[in-house]
Amino acid sequence: MGNSTAYPVLRTTDAALAYAQAKRLCGLLETCDDEVEFFAELLTVADVRQMAVVLPEAKFEYAEARIGPAGEDLWFGLDVASVDDAALEPHLPLDVMVEAPRGSVEERFVAALGQGVAGIDWHGEWPDDPEAGHYGSVTYDGVQVVFHSDRAQWGPRAEHHTVFVHVTKFGDLARAQKLAAHIGSEVLGDSQLGW
């Protein structure tokens, strides 16, 4: 199967603008999955509290693997809604990865962002355009907005947010350029390994 090819098409320090432009691109998908994927790295207690309100059914995990005194893997098992701040603090950073119905929490998720890397993925299929040699791929196509990073594969933190369009595993620069132009932008640098 392999991974999609992801092209960065927007970078901005305005999270609301990044989200709005990603949604505009989603409007160009011929089909869009009913479920949307969310990921957030939560660096502070306040971040965890805000995200727990937006994603109450989500399971929170340690952001990095932790090993106990006997060499065993440790798993985060606290109920973030009921534990006090002092008990939660030593467990940071946490992360959360969850799917939710499209249109149900995206805007609240963006409003609850902290300073950690976060993202929203919309999987779908771009329409076929045989005259231009573009064909949709239900396996690879979609739109992604990554907050506080410029990597499609959850790279290091940055001060800006990046919108990606995902296309076939073989890439399709011409399609990515056409999609970027739709939001008044262009492809910003090299393609990346996508989902």
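Reply: The protein chain's secondary structure comes to 5 helices and 11 strands, where helices (H or I, at least four residues) and strands (E, at least two) are DSSP runs numbered from the N terminus. Its radius of gyration is 18 Å, close to the 16 Å that the globule rule gives for 195 residues, so the chain is as compact as a globular protein of that length. That radius is taken over C-alpha atoms, and the rule is 2.2 Å times the number of residues to the power 0.38. Along the principal axes, the C-alpha trace spans about 60 × 35 × 30 Å.

Bear in mind that this is a predicted model: local features need pLDDT of at least 70, side-chain atom pairs count only at pLDDT 80 or more, and totals for chains, interfaces and linings use all residues. Residues are numbered from 1 along each chain as its sequence is written, and side-chain values use heavy atoms, with hydrogens and water left out.

Of the 195 residues, 47% count as buried (under 20% relative accessible area; exposed is over 50%, partly exposed in between, with a 1.4 Å probe and protein chains only). Contact here means heavy atoms within 4.5 Å. Among contacts between residues at least 6 apart in sequence, 74% join residues at least 24 apart.

At 4% relative accessibility, His 161 counts as buried. Its side chain reaches the backbone oxygen of Thr 13 at 3.5 Å. A polar atom of that His 161 side chain also lies 3.0 Å from the backbone nitrogen of His 148. Both partners turn up again in the contact list: leaving aside neighbours within four places in sequence, His 161 is in contact with Leu 10, Arg 11, Thr 12, Thr 13, Asp 14, Ala 15 and Ala 18, and with Val 146, Phe 147, His 148 and Ser 149.

For contrast, take Leu 43, which sits in the loop between strand 3 (35-42) and helix 2 (45-54). Leu 43 is partly exposed, with a relative accessible area of 34%. Setting aside neighbours within four places in sequence, Leu 43 is in contact with Leu 92, Pro 93, Gln 115 and Gly 116.

Definitions and conventions:
Polar contact = N/O pair within 3.5 Å; in protein donor to acceptor, adjacent residues only side chain to side chain.
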